[in-house]
Amino acid sequence: TITKHRPTCQRHKDAYRLRKYAQGAADAASIDLWALARLRDSSALPLIAQLQRTKMLSPKILLKARALISDGRQLLLCWEKRHQFFLLPGGTLEPAEALKDCLGRELREELGRDFAIGPLLGCLEWHWQEGAQADQQLDFVFKVPVPARLLDGTLTAQEAHLRCQTVLLDELAYLPNVAPPGIAALVAQHSHQEGAYAFVSSKCT
């Protein structure tokens, strides 16, 4: 139920707009995707899932949870063999699934082990074009503590379309075929401002 009084703090304003949209009281143009990035806990997830189920949120707007697994010198990436690009471990949010639950599930499926999911570091917004269709993706990136010897090069992906690879953080900005392209910028922002929440938007043409 929507309260008759408009919320005052930004976080509540974001949730209020999403509820209005979910109930058909606002159109898609009124929903700022910054709202999704600013809602840093699970309170908005049932609303987002409702939008997905009712197809009020375009199915071409993808919501994903990703892991930043780094020891400060190296970073764990997955090479996606079918599309030929590097990405952070993680995957697509399912309806009514919490972001951290999604990431834990995806890491078990991809890497074959359980991980402690740390704090949310930021969000990567990615726009690209496929023919006449404009697509958009939001990757919510969480810090994941590095278990002993995880980055020694012996980790094997559990899914056939992936290959695990560690890269030096200093080389990340020069690595070709990284998706989304904003990964290096998010890592750089976080390293220069420890504890800061980063939002990076990028567009591929």
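Me: In what order do the elements of the protein run from the N terminus on?
Reply: This is a predicted model, where local features need pLDDT of at least 70, side-chain atom pairs count only at pLDDT 80 or more, and totals for chains, interfaces and linings use all residues. Residues are numbered from 1 along each chain as its sequence is written, and side-chain values use heavy atoms, with hydrogens and water left out. Helices (H or I, at least four residues) and strands (E, at least two) are DSSP runs, numbered from the N terminus. The order is α-α-α-β-β-β-β-α-β-β-β-α-β.

Me: What share of the residues counts as buried?
Reply: Buried means under 20% relative accessible area, exposed over 50%, and partly exposed in between (1.4 Å probe, protein chains only). The protein has 205 residues, and the buried share is 44%.

Me: How many residues of the lining of the largest pocket are charged?
Reply: A pocket is an open set of points on a 1 Å grid over the protein atoms alone, where a 1.4 Å probe fits, with protein on both sides within 12 Å along at least five of seven lines; lining residues have an atom within 4 Å of a point. The lining has 23 residues, with Lys 64, Arg 66, His 83, Phe 85 and Leu 87 nearest the centre. Asp, Glu, Lys and Arg count as charged, Ala, Val, Leu, Ile, Met, Phe, Trp, Tyr, Cys and Pro as nonpolar, and the others, Gly among them, as polar. Eight are nonpolar and six polar, and the charged number nine.

Me: Is Arg 66 buried or exposed?
Reply: Arg 66 sits in strand 1. Contact means heavy atoms within 4.5 Å, and beyond four places in sequence Arg 66 touches residues including Leu 103, Asp 139 and Phe 140. Its relative accessibility is 7%, so Arg 66 is buried.

Me: Is Gly 153 buried or exposed?
Reply: Gly 153 belongs to the loop between strand 6 and strand 7. Its C-alpha atom is 8.1 Å from that of Cys 164, 11 residues apart along the chain. The relative accessible area of Gly 153 is 60%, so the residue is exposed.

Me: What is omega for the peptide bond from Ala 179 to Pro 180?
Reply: Pro 180 is in the loop between strand 7 and helix 5 (183-192). The bond is cis, with omega near -5°.

Me: What is phi of Gln 84?
Reply: Gln 84 lies in the loop between strand 2 and strand 3. At 42% relative accessibility, Gln 84 is partly exposed. The residue is not a glycine, yet phi is positive, near 65°.
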